[in-house]
Amino acid sequence: MVKTIFDLYKNGTGYIKIARHLNNQGIPTPHNYKLQMGVNLGARKNLLLTDKWHPDSIRHMLKDEVYIGNLAQGKRRNISYKSSKSQAVPRDKWIVVERTHEPIIDMDTWNILQERFSGVSRPQKSNGEIQIFSQKVFCADCGRLFRKKPAKNKYGQVFNYLVCKGRTNGDYSCNNIKAIPYEELENIVISEINLLLDNHYNQEILAHEFDSESAGKDEAGLKIQALNRELDTTRLLAEQKQKYFKTLYEDKIKGLISEQQFTELNSSFRSEVEKLEKRIDIISEEININILKQNKRQDKNAVLQKYRNIEKLDKNIIDEFIESIMIGRAEQKRQVLIQWTV
Ligand SMILES: [Zn+2]
């Protein structure tokens, strides 16, 4: 199942589509899988978030070294002792132990994907000019980058092309033989972005006319509210348990209960508090996920609002709209698959 997710992404399927695919197939999330296997996860009432696959969890999985057999720890640390809030730790400060278990994902696939992730924030200049598709275009056949390459046509005019890295510098290992003219790709991308913008505004208008109530509905926001309420209740319950422990201890001092009774009650009390604390951790994590979602939703709206119709591409537009472009073989109709950031 993990391998399927990596393969889907490698072949150009975006996070949203992967999540939808897994949900449609009824494939259990790692959390539900544990439940089915009878692993006790404590008293969990709110399964709303964890019984469905979410794009964020896919993104998370694709970067998780656990699937190549490494164990990384210390990715987050608590802001203060006894606070449920935590913050991300920079990658170079993680504690990574390599080869702790059998890898599920081969290193080739892993390296190709990580190269792709790191490329997203790395602009590159070739011949002094900014290559707007830099680190964005990949081969649907082998997953490697498509590179810009100038070539002359039969009239001696110079044209720019993009071609798979596996078809350059004497490397002919890839079967995606044909280069794609730069201009052709530009035109495809422009029309796809405009289609996306059209859709957005149509939907906005439709939503406005027919259902102005639910159009602006902030699902993540509602979940955050519900989770915060549950967090409060759980914290209160944990506090009450602490108080109960105090009276238990006093009863023991006063000789109202025996040493053995105290030991028994105390151990059951401890496991209950532990469960509550675990639950508090889980809720906090779910709140964080939803805050991320909420931010992304706002980002998406901001980006789509900024543009109406695009006539020419530049690096900013590419970075705002496009995560990656996968170019298929040109045997029949050439497939150009765009993964959107919005
Ligand atoms: Zn290739």
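Two residues are in contact if their C-beta atoms, placed from the backbone, lie within 7 Å. The model is predicted: local features need pLDDT of at least 70 and side-chain atom pairs pLDDT 80 or more, whereas totals for chains, interfaces and linings use all residues. Residues are numbered from 1 along each chain as its sequence is written.

Q: How many helices and strands are there in the chain?
A: Helices (H or I, at least four residues) and strands (E, at least two) are DSSP runs, numbered from the N terminus. On this basis the chain holds 10 helices and 12 strands.

Q: What percentage of the 342 residues of the chain counts as buried?
A: A residue is buried if 20 or more other C-beta atoms, placed from the backbone, lie within 10 Å of its own, exposed if 12 or fewer, and partly exposed in between. Of the 342 residues, the buried share is 18%.

Q: Against which helices do the buried residues of α2 pack?
A: In α2, residues 15-24, the buried positions are Tyr-15, Ile-18, Ala-19 and Leu-22. Seen down the axis, they fall within an arc of 100°, so they line one face of the helix. Just after α2, Gly-26 adopts a positive phi of about 70°. The buried residues of α2 pack against α1 (2-10) and α4 (55-62).

Q: At roughly what angle do the axes of α2 and α4 cross?
A: Axes are lines fitted to C-alpha atoms, for helices over the stretch in contact, with angles from 0 to 180 degrees between N-to-C directions. The axes of α2 and α4 come within 8 Å. Angles under 35 degrees count as roughly parallel, over 145 as roughly antiparallel, 65 to 115 as roughly perpendicular and the rest as oblique. Here α2 and α4 cross at roughly 105°, which makes them roughly perpendicular.

Q: Which strands stand at the edges, each with a single partner strand?
A: Strands pair if DSSP finds at least two bridges between them. The open sheet has the order β8-β9-β10 with antiparallel pairing. One side of each edge strand is left without a neighbour in the sheet, because each has a single partner. The edge strands are β8 (146-152) and β10 (180-181).

Q: How many bridges join β8 to strand β9?
A: In β9 (residues 158-164), Val-158 stands opposite Lys-152, and Phe-159 is the bridge partner of Ala-151. The two strands form a hairpin with five residues between them, and Gly-156 in the turn has a positive phi of about 85°. The antiparallel strands β8 and β9 are joined by seven bridges.

Q: Which residue in β10 stands opposite Leu-162?
A: β9 and β10 pair in the antiparallel sense over two bridges. Opposite Leu-162 stands Ile-180.

Q: What is the C-alpha to C-alpha separation of Gln-114 and Leu-62?
A: Gln-114 belongs to helix α5, residues 107-119. With 14 other C-beta atoms within 10 Å, Gln-114 is partly exposed. Gln-114 and Leu-62 are 52 residues apart in sequence, and their C-alpha separation is 8.5 Å.

Definitions and conventions: Arc of directions from axis to C-beta.
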